[in-house]
Amino acid sequence: MLGNSSIFATEIFLKPQIIIMVDIKNENGVYIASFKGRLDAPTAQEIQEEIEALLVHADKEIVLDCAKLEYISSAGLRLFLRIRKEVSAKGGKVSIRNLAHEVKDVFVLTGFDEFFDFHNS
Amino acid sequence: MMEKGSTSILKRLEEVMREQWDCDALTDYGSDITYKYSGVAKRICYFHLLFESLGIKPGDKVAICDKNSSNWAIAMLAVLTYRAVAVPLLPDYSKEQLKMLCEHCDAKFMIASHRLANLWPEGQCPMYMIDVMDLLAMTPSSFTDEIEDKAYELFAKRYPKGYTKDQVHYEAENPNDLMILSYTSGSTGNPKGVMLPWRSLQSNMQFAADALPNSKNMNMFLILPMAHMFGFAFDFLYCITCGSHLYILTKIPAPKVILEAFAAIRPDYFLCVPLVMEKIINAKVKPVLDKPLMKVLFRVPGIHKLICRQIRKQLTIALGGNFYEVIMGGAALSKEVERILRMVGFRFTIGYGMTECGPIITYSDWKEHRLGSCGKAALNMEVKVDSPDPKNTPGEIITKGPNMMVGYYKNEQATADTIDEDGWLHTGDLAVMDKDGFFYIRGRKKNMLLGANGQNIYPEEAEDQVVSHSVFEECVVVQREGKLVALVYISDMLLQKLGTTREELDLEAIRRDVNLHLPSYCQLSKLEQRNEEFEKTPKKSIRRFLYK
């Protein structure tokens with residue numbers, strides 16, 4: 001019994017903790033990607049697939065909803081920058097909404113606020 | 001406006017960030033992004049916090065390696081305003097050379113192109129690397145995240161209400177502290193790290209404020225590599241301290257792109273290497289002048305003047321129509337092109353300098369410019385020709401003054417070979433000087449050849465004539481058994497344009513034609529064609545020592 005529970009506990013422990021989630025929805029032709037959690041070097045890797053799926057619609061309007069985004073590092077900024085570049089190349093439109101004050105500071109500080117339109121819903 | 005009396009570059013930058021907060025500062029020509037001075041100041045602030053988080057201190061070396069861009073400019077300003085020592089490295093160096101240079105200069109941090117992400121094997125990277133393309137960590141990891149976290153925390157603590165123009169503060173520099181470590185590519189061997197103190201650039205900025213247009217609303221178009229001192233000092237640093245809007249060309253300066261940009265930007269003055277003007281003249285003016293009818297009309301006195309005026313007008317419009325003058329430097333201008341520019345009364349001048357002087361040594365305004373000259377001693381500089389008869393016998397240009405470097409980094413021998421006991425810097429260039437103090441360069445001392453009759457031969461003069469009076473684009477003149485041989489190269493592209501092949505070119509006829517333009521002691525005995533262009537340094541100078 002002890003052995004089994006130990007294996008179970010290890011499995012739980014080793015399983016990567018989900019600290020980022022992206023939910024993509026199409027609302028009247030606008031693709032809304034809602035981010036939840038921390039967007040840093042490891043988590044930016046985790047959501048590659050979702051981002052690829054989002055970029056299929058780079059010729060449309062994309063909104064990055066960051067209401068539940070708690071933190072962003074340069075890896076996260078680079079991901080956002082990639083979305084912007086792809087959308088710009090394919091003639092779409094991208095904006096960021098509901099960015100928390102502390103996360104917005106990172107955009108301002110690194111100068112990335114110049115690359116995006118920000119709004120609150 | 002850059003005040004003639006103010007010397008602190010960093011205090012001037014502080015002022016300009018505040019004064020020009022809402023004005024445009026940097027644009028990558030052709031892109032849709034323009035940074036205002038406020039955006040530049042904020043990114044500089046971020047870099048400072050990042051440096052602090054990494055434990056980098058003023059005086060530490062920070063390498064910047066990439067081609068021209070707004071981000072390059074921001075990175076450079078961040079390093080300078082932190083009073084770290086900037087080490088600009090040309091991206092043309094191979095990975096191995098860059099690694100060697102980074103190790104040689106003891107860089108603690110590197111801002112580079114993403115192609116250098118694996119410059120050091122994983123885990124052995126002695127530096128935190130930032131990609132100059134977007135100024136973000138090059139290899140995101142838990143370490144980079146940790147450093148950034150620290151920087152963000154510092155920001156929240158220091159600027160709880162955000163970063164405003166009142167918070168821009170840069171400590172004044174100490175003139176004797178090291179500002180830049182600039183590697184000269186060395187056409188003869190290994191690169192040398194030129195140590196330039198702040199006083200060198202302070203003095204160069206004084207010269208610029210005195211000699212160049214000086215207004216807050218200047219538009220500038222940058223095509224020179226900003227990592228070279230010529231472009232760095234007078235295209236970038238001077239114009240930023242004036243509060244100008246800098247449009248940066250991030251691509252190869254093809255004539256078509258440049259001419260389009262001139263029309264859109266209308267720069268207030270323009271810096272380039274002679275090759276750019278040579279291409280413009282060869283493409284736009286020479287074909288007109290070479291028409292048989294034009295040659296006849298040129299002999300009619302009144303018409304001659306009218307044609308020159310018309311050519312000048314069109315050339316001026318082609319370059320935006322708003323520039324005070326075009327300043328060329330970095331290489332010799334073809335005599336033929338200079339003659340045409342002079343004949344039509346075009347506003348141009350030629351300066352002379354070297355990295356070791358940060359860079360200016362001689363200059364004159366276009367109104368004073370003399371044919372074949374590179375001007376007079378620049379402000380603050382003492383310049384002379386080391387010759388018993390400087391007016392007639394060429395001697396080495398030697399110079400002294402605040403623009404001068406401290407020496408070569410970790411190379412005392414090279415320093416001693418260049419700066420003599422009396423403090424004169426030996427440039428290695430040979431020149432004569434006229435009675436009014438104008439200098440006329442003859443060639444490099446180390447390239448000088450001795451003719452059969454003991455006459456000094458400057459191969460650069462013969463090479464200029466070959467390129468001016470033949471189809472060849474590159475030439476190196478060498479001496480074999482006492483005779484001059486011109487090694488020549490023409491590109492496949494030009495051959496295609498001319499509808500010919502290398503084999504079809506009549507080398508003997510070309511040689512005879514070129515010799516008509518050369519003095520008797522400098523006659524070429526042979527033209528030897530190469531199938532490949534000459535090997536060059538990152539600065540695009542031919543590595544002449546490879547050719548014998």
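How many helices and strands make up the secondary structure of chain A?

Analyst: Happy to take you through it. Please keep in mind that this is a predicted model.

Chain A has five helices and five strands. Following the sequence, these elements come in the pattern α-β-β-α-α-β-α-β-α-β. The chain has 121 residues, and 33% of them count as buried. As for its contacts with a separation of 6 or more, 71% are between residues 24 or more positions apart.

Asn28(A) is not a glycine, yet its phi is positive, at about 55 degrees. Is this residue buried or exposed? Asn28(A) has 5 C-beta neighbours inside 10 Å, and because a residue with 12 or fewer is classed as exposed, it falls in that class.

Now to the contact with chain B. On the chain A side 17 residues take part, and they meet 20 residues of chain B. Three elements of chain A each give two or more residues to this side: helix 2 (41-46), helix 4 (74-90) and helix 5 (101-110). Sorted by class, the chain A side consists of nine nonpolar, four polar and four charged residues.

Helix 6 (residues 198-211) and helix 7 (residues 229-242) of chain B have axes that come within 10 Å and cross at roughly 80 degrees. Angles of 65 to 115 degrees count as roughly perpendicular, which is why helix 6 and helix 7 of chain B are described that way. From helix 6 of chain B, the residues making the contact are Leu201(B), Asn204(B), Met205(B) and Ala208(B), while helix 7 of chain B brings Ala233(B), Phe234(B), Leu237(B), Tyr238(B) and Thr241(B). In terms of class, this contact of helix 6 with helix 7 of chain B has seven nonpolar and two polar residues, and no charged ones.

Further along chain B, four strands make an open sheet with antiparallel pairing, in the order 18-19-21-22. At its edges are strand 18 (382-386) and strand 22 (439-444) of chain B, each of which pairs on one side only. From one strand to the next, the twist averages 45 degrees. Looking at one pairing in detail, strand 21 (residues 425-433) and strand 22 of chain B run antiparallel and are joined by five bridges. Leu430(B) faces Gly443(B), which belongs to strand 22 of chain B.

Two loops of chain B complete the backbone picture. Pro359(B) sits in the loop between strand 15 (352-353) and strand 16 (360-363) of chain B, and the peptide bond that joins Gly358(B) to Pro359(B) is cis, with omega about 0 degrees. The other loop, between strand 20 (407-408) and helix 13 (412-418) of chain B, holds Lys410(B). Lys410(B) has a positive phi near 55 degrees, although it is a residue other than glycine. Here 13 other C-beta atoms lie within 10 Å, so Lys410(B) is classed as partly exposed.

Key:
Residues numbered from 1 in each chain as written. Chains lettered and ligands numbered in written order. Predicted model: local features only at pLDDT ≥ 70, side-chain atom pairs only at ≥ 80, totals over all residues. Contact = placed C-beta atoms within 7 Å. Nonpolar A, V, L, I, M, F, W, Y, C, P; charged D, E, K, R; others polar. Buried ≥ 20, exposed ≤ 12 C-beta atoms within 10 Å, placed from the backbone. Pairing = 2+ DSSP bridges. Axes fitted to C-alpha atoms, helices over the stretch in contact; angles between N-to-C directions. Parallel < 35°, antiparallel > 145°, perpendicular 65-115°, else oblique.
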